[in-house]
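Hi,

Here is the model I said I would pass on.

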2 protein chains.
Amino acid sequence: MKRIAVLGGGNGAQALAGHLASKGFPVTLFEHPEFRRNIFRLEETKTIELTGAIEARGTLAEVTTDPAAVRDAEILYFLAPSFAQEAVFSLIAPFLGRGQRLLLMPGNFGSLVLKETFGGRLPEGFLAAESDTMPYACRIEAPGVVNVWGIKNFMAAAALPASGTGDFIASVQDAFPVPLKPAPNVLSIGLSNTNMILHCPTMIMNAGRIESGNGRFRFYAEGMTDSVCAVMEAMDRERMAVGKALGLNLLSTMDDMKELYSINGESLRETILNNGAYCGHGADSPASMKYRYLTEDVPYLLVPVFEIGKKLGIPLPVTESIIRLASVIAGEDYLVTGRTLGGLDLDGVNG
Amino acid sequence: MKRIAVLGGGNGAQALAGHLASKGFPVTLFEHPEFRRNIFRLEETKTIELTGAIEARGTLAEVTTDPAAVRDAEILYFLAPSFAQEAVFSLIAPFLGRGQRLLLMPGNFGSLVLKETFGGRLPEGFLAAESDTMPYACRIEAPGVVNVWGIKNFMAAAALPASGTGDFIASVQDAFPVPLKPAPNVLSIGLSNTNMILHCPTMIMNAGRIESGNGRFRFYAEGMTDSVCAVMEAMDRERMAVGKALGLNLLSTMDDMKELYSINGESLRETILNNGAYCGHGADSPASMKYRYLTEDVPYLLVPVFEIGKKLGIPLPVTESIIRLASVIAGEDYLVTGRTLGGLDLDGVNG
């Protein structure tokens with residue numbers, strides 16, 4: 001059985017580590033030392049129980065904050081938030097090399113950052129790839145217990161460069177719980193993450209309600225009203241224009257949602273209202289503007305999409321407006337501090 | 001007594017017409033033919049009763065939709081919304097000339113538009129001026145009855161060109177209910193209208209709540225939260241930078257509010273919460289995004305401020321972001337359809 005390292009200590013990381021361990025894979029769970037609190041109990045018990053959509057129990061080979069532990073892993077699954085990517089990359093880089101495979105979930109253009117960590121060239125014989133999502137919808141219920149609400153039917157993945165995607169999927173598929181479908185390249189993976197469309201305008205256009213605090217609200221059903229959907233659709237057209245300039249035929253957020261959830265709708269607003277996963281429950285809004293719907297999705301998705309567009313000469317005025325307002329709210333200029341992909345090598349993604 | 005024409009048929013226009021008529025001035029009330037419904041009853045009764053802060057009754061000399069009626073007026077007070085200015089200007093222009101005085105309330109850069117109506121040069125001996133507000137806070141309660149909640153202690157005014165401001169105020173002051181204080185020029189009048197700061201971000205950053213409809217909210221107290229105030233303050237700094245480049249020392253929106261309402265506060269948010277006129281009552285939010293807080297304040301205030309800034313080389317990225325989102329919401333590009341002041345003659349404002 002292939003030796004696996006799972007990087008991260010949150011919901012998705014623990015679910016995947018436990019699931020693969022339950023199938024007999026030797027799994028090392030690595031968490032950044034700064035977030036060691038996430039794995040305190042696991043360091044002792046090394047056992048993860050999955051409940052809900054998956055009923056299984058796995059015993060991990062190792063639970064650690066020592067980056068050298070990834071040296072022997074054949075496959076590395078990275079499930080920490082985007083803002084942790086750079087810090088983790090610089091810790092583990094000395095221990096990466098030939099024969100290893102690394103999958104970022106969600107990638108959010110992180111493989112390009114990893115390449116920069118290595119001075120613009122990944123190690124010989126090493127393959128990095130990205131997916132736009134994680135295998136499970138899940139939540140840690142208690143230490144060592146993860147409740148899995150659902151598991152994806154498939155996930156898209158692309159290697160950097162894209163010429164390695166077939167090799168990558170062939171190498172990891174028997175050690176991954178969900179079928180991986182090849183995507184054109186890592187840019188298409190980042191551009192396909194519709195979180196940026198669904199989350200960012202809704203946060204900003206419900207700021208007063210999120211902050212005034214009296215009464216949480218239904219983020220999708222009550223937050224994504226006509227004007228909010230109009231802004232989403234304008235941003236979505238900009239995102240698809242960037243894709244088109246790159247030769248990618250991206251699905252609109254509405255069509256992507258219809259495909260993912262097997263639902264119908266005449267408009268984005270109607271499609272959202274028809275989505276039970278979004279609108280079938282009560283109040284689910286964030287309680288503050290310091291939430292990853294903005295703090296992750298703006299700097300790690302909207303900013304790189306805007307930067308790619310700028311490089312290609314595609315105007316993204318609505319996307320830029322949302323980035324600017326999110327920056328004022330955060331007190332931080334995301335166009336400077338976000339994932340600007342400064343030395344962007346767009347040609348290099350295809351190989 | 002000077003002959004007066006009041007242009008407009010709404011709350012402010014009827015209050016001023018009734019008040020001046022009650023003091024014995026011969027007043028003609030002119031409404032655009034398209035809005036004749038506003039004055040149906042008045043055409044018969046010609047009588048306006050003021051209640052509340054003013055108890056008075058005035059009988060008008062004339063109530064009409066015939067623009068030729070303004071020919072004999074010595075003073076014209078214009079109190080229709082900004083979006084009606086151009087239409088009314090083109091109706092009345094043939095009847096304007098030497099000796100007449102016209103005051104726009106609020107001006108919102110309308111005198112520059114009037115000048116364009118005359119091909120870039122106002123008639124010889126004719127003076128136009130602007131104020132940033134109206135004399136009364138009031139509401140029409142029933143046909144011919146206006147409830148006056150309050151009357152301003154003073155109003156700022158400036159003529160176009162500013163060299164005529166002293167002459168203008170001297171000519172109209174005895175036929176105006178509130179002391180007029182000279183402002184540097186009409187640009188300072190438009191730039192001082194803080195409605196654009198208070199209204200526009202609050203509308204956009206409460207869009208979900210305005211449109212989801214379950215429960216109106218307190219626009220100032222609950223809508224102007226920390227993030228909304230952060231965006232207001234960023235826009236306010238841009239507005240003041242434009243003023244500074246024009247040699248104008250504009251008050252911040254917070255300081256303006258403190259002066260107008262005699263209140264204190266350590267921050268904009270706190271000052272708003274301390275303002276009884278804003279926060280001393282129940283739900284007062286607009287029920288839709290098609291409301292003048294956006295449809296008037298964006299195209300007639302934010303757009304010209306942005307255009308003036310662009311001409312002066314002052315960046316206004318936050319203002320531009322709000323304009324762009326408001327444009328998406330309205331389905332109309334306000335940077336094209338708004339008051340862009342295309343042939344802007346900034347030097348001409350001073351004389």
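A quick word on angles before anything else: axes here are lines fitted to C-alpha atoms, for helices over the stretch in contact, and angles run from 0 to 180 degrees between N-to-C directions. Also, keep in mind that this is a predicted model.

The axes of helix α9 (residues 226–245) and helix α15 (residues 317–330) of chain A come within 7 Å, crossing at roughly 120 degrees. Angles of 65 to 115 degrees count as roughly perpendicular and those over 145 as roughly antiparallel, so α9(A) and α15(A) are oblique to each other. On the α9(A) side, the contact is made by Val231(A), Ala234(A), Met235(A) and Glu238(A), and α15(A) brings Pro317(A), Val318(A), Thr319(A) and Ile322(A). Sorted by class, that contact has 6 nonpolar, 1 polar and 1 charged residues.

Now the interface. 27 residues of chain B are in contact with 27 residues of chain A. The two chains bury about 2,100 Å² between them, with 65% of it on carbon and sulfur atoms. Met205(B), Leu325(B) and Val328(B) supply 24% of the area chain B buries against chain A, more than any other three residues.

What about polar links between chain B and chain A? The rule finds 12 residue pairs in polar contact across the interface, but 0 salt bridges.

On the side of chain B that touches chain A, α8 (207–212), α9 (226–245) and α15 (317–330) of chain B each supply at least two residues. α15(B) gives the most, with 8 residues. By class, this side of chain B has 14 nonpolar, 8 polar and 5 charged residues.

Cheers

Technical notes
Residues are numbered from 1 along each chain as its sequence is written. Chains are lettered from A and ligands numbered from 1 in the order in which they are written. This is a predicted model: local features need pLDDT of at least 70, side-chain atom pairs count only at pLDDT 80 or more; totals for chains, interfaces and linings use all residues. Side-chain values use heavy atoms; hydrogens and water are left out. Helices (H or I, at least four residues) and strands (E, at least two) are DSSP runs, numbered from the N terminus. Angles under 35 degrees count as roughly parallel, over 145 as roughly antiparallel, 65 to 115 as roughly perpendicular and the rest as oblique. Contact means heavy atoms within 4.5 Å. Ala, Val, Leu, Ile, Met, Phe, Trp, Tyr, Cys and Pro count as nonpolar, Asp, Glu, Lys and Arg as charged, and the others, Gly among them, as polar. Buried area is the accessible area (1.4 Å probe) that two parts lose on being put together, summed over both. A salt bridge is a side-chain nitrogen of Lys or Arg within 4 Å of a carboxyl oxygen of Asp or Glu. A polar contact is a pair of N or O atoms within 3.5 Å; within protein, one must be able to donate a hydrogen and the other to accept it, and residues adjacent in sequence count only if both atoms are side-chain atoms.
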